[in-house]
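Visitor: I have just opened this one and would like a walk through it. Could you take my questions as they come?

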Amino acid sequence: MHEKACPLYLKEIPTWKRFLRGFLRIIILINAAYHVIFGEVFFGFLALIALTILLVPRFFTKNKICVVPVDIEILFLIVIFFELIVADAYSFYSLVPYYDKFMHLLVSFIVGLVGMMIIYTFYALGKLQASTGVMFALIVLITMGLGAGLEMAEYFYDQILYPLIGLYLPTGLTQGSMVASPLADTMEDLFVDTLGGILGAAIGIVLIKREKKKGRELEVLDELETLAGINNQEDKE
């Protein structure tokens, strides 16, 4: 099996998206490098690793994904900046009340939005037979499940792992709130995750249907379908 060619771009990228993507990359790189040298080393390294995964996805996906669609990359760059840089490296979680709620809403919204784009791509390619309502419900349930899994992971880290590694990796505890009890904070996080998933999936459907009425297809859907087509062709070869 020969190695497939990896195009630099699936299609021409609008100038404003190219600028925004480049700006986010530079901001994350500068802040991550600063924290690796002078500040929160662990979170600086995490940000650099996340940025590297987006820049060279083919290395981490065994050539299954050559390039990340620009819209999806921008969304995940936003998450990296607000989570690993602002929230963790600059300690906004412990400095700003309700910042954790903002992050739960942002992340679940993006998961719901991107999830709807991906699942609709499978539908458009004939690999999934489902109504829009079923796809919506599936994405919301997946988002809720991911939110619950994250809360379980935080509890496991705080109660089991951190007492063992806290001296060597002083990242601090992941659970807790400046304004609520642990149980109330966890339940509020789950409700916010659900709300974000609903909003993301709903807006995804609205965007898809709006473009369909205009006789067009969202750019991100076109890019996802192109990626799927490249992978299918490679599998056949």
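Visitor: To start, what radius of gyration would a compact globule with 237 residues have, and what does the chain have?
Guide: Bear in mind that this is a predicted model. A compact globule with 237 residues would have a radius of gyration near 18 Å, and the chain has 19 Å, which agrees with that expectation. Along its principal axes, the C-alpha trace spans about 50 × 40 × 35 Å.

Visitor: And what is it built from, how many helices and how many strands?
Guide: The chain has nine helices and zero strands, so read along the sequence the pattern is α-α-α-α-α-α-α-α-α.

Visitor: Which helix can we check for its span against 1.5 Å a residue?
Guide: Helix H8 covers residues 182–213, and its 32 residues should span 46 Å at 1.5 Å a residue; the C-alpha atoms at its ends are 47 Å apart, which agrees. After H8 comes Gly215, which has a positive phi near 75 degrees.

Visitor: Which residue has a positive phi of about 60 degrees although it is not a glycine?
Guide: That is Ser91, which sits in the loop between helix H4 (70–89) and helix H5 (92–95). Ser91 has 27% relative accessibility and counts as partly exposed. Tyr98 is also not a glycine and has a positive phi, of about 70 degrees, and it is found in the loop between H5 and helix H6 (99–124).

Visitor: Is Tyr98 buried or exposed?
Guide: Tyr98 counts as exposed, because its relative accessibility is 52% and the cut-off for exposed is over 50%.

Visitor: Back to the whole chain, how much of it counts as buried?
Guide: Of the 237 residues, 37% count as buried. The chain exposes about 13700 Å², and carbon and sulfur atoms supply 71% of that area. If you look at contacts between residues at least 6 apart in sequence, 70% of them join residues at least 24 apart.

Notes
Residues are numbered from 1 along each chain as its sequence is written. This is a predicted model: local features need pLDDT of at least 70, side-chain atom pairs count only at pLDDT 80 or more; totals for chains, interfaces and linings use all residues. Side-chain values use heavy atoms; hydrogens and water are left out. Helices (H or I, at least four residues) and strands (E, at least two) are DSSP runs, numbered from the N terminus. The radius of gyration is taken over C-alpha atoms; the globule rule is 2.2 Å times the number of residues to the power 0.38. Buried means under 20% relative accessible area, exposed over 50%, partly exposed in between (1.4 Å probe, protein chains only). Contact means heavy atoms within 4.5 Å. Accessible areas come from the Shrake-Rupley method with a 1.4 Å probe; for residues, only the protein chains shown count as cover. The expected span of a helix is 1.5 Å times one less than its number of residues.
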